[in-house]
Amino acid sequence: MSNHETHESTDNVSPRKAVTRRQFLAYTLGGTTAFLAVFPGLPMVRFAVDALFQKSNSKDLVKVIAESEITNEPKEVKFQILQKDGWYESSPTLVAWISRDASGNIFALSPICKHLGCTVLWNVKGLNEYDCPCHDARYTRDGKHITVADAPLDEYEVEVIDGYVYLGNIIANRRA
Ligand code: FES
């Protein structure tokens, strides 16, 4: 077989199956570039949307105190919750002022002042009110705003189970 015959047989290869060196380089570089562009970004995309697919803890209740310890006099109760924010977990300490209303129902107020967010205390001035040390906002026993603040104190969702008080989410005050 001569060199001429060999060259002719190569030329008979179907043009559909032949990949030129230029095409091969283009495919290889294109594929590598696409991989490098997309793959490193996948973890960031996952991180950004992961929290959207996490189960909500909105129904979680925390056991905070025995029901028998709650009277008409507001009691400051501190408790911890497990908080998940995406990948970050923490256990912040929260405060609630828990007492009974005239009907004996237990309710729990958030201590966060609705003026600028300081922490209110019960009966500092002997007026049977919540007082804010920052700018003198005052609230009734039910959390209704009297001065300075323009909204009542929020309250916690409350459930009493087997003689213990459980607190849930903070919600708008329903009694003031
Ligand atoms: S933050 Fe409470 S009165 Fe201003």
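Two residues are in contact if their C-beta atoms, placed from the backbone, lie within 7 Å. The model is predicted: local features need pLDDT of at least 70, side-chain atom pairs count only at pLDDT 80 or more, and totals for chains, interfaces and linings use all residues. Numbering starts from 1 along each chain as its sequence is written.

Take Val120. Leaving aside neighbours within four places in sequence, Val120 touches Pro111, Cys113, Tyr130, Asp131, Cys132, Tyr139 and Leu153 by this contact rule. Val120 is also among the residues with the most contacts inside the largest nonpolar core, together with Ala96, Ile98, Ala108 and Leu109. That core has 18 residues. β5, β6 (106-109) and β12 (164-171) each give two or more residues to this core.

A nonpolar core is a set of buried Ala, Val, Leu, Ile, Met, Phe, Trp, Tyr and Cys residues joined through C-beta atoms within 7 Å. Buried means 20 or more other C-beta atoms within 10 Å of a residue's own; exposed means 12 or fewer, and partly exposed lies in between.

Strands are DSSP runs of E, at least two residues, numbered from the N terminus. Two strands pair if DSSP finds at least two bridges between them.

| Antiparallel pair | Bridges | Bridge partners |
|---|---|---|
| β8 (residues 130-131) and β9 (residues 138-139) | two bridges | Tyr130 and Tyr139 |
| β2 and β5 (residues 93-100) | six bridges | Lys78 and Val95 |

An open, antiparallel sheet of four strands runs β7-β8-β9-β10. β7 (121-122) and β10 (145-147) are at the edges with a single partner strand each, so one side of each has no neighbour in the sheet.
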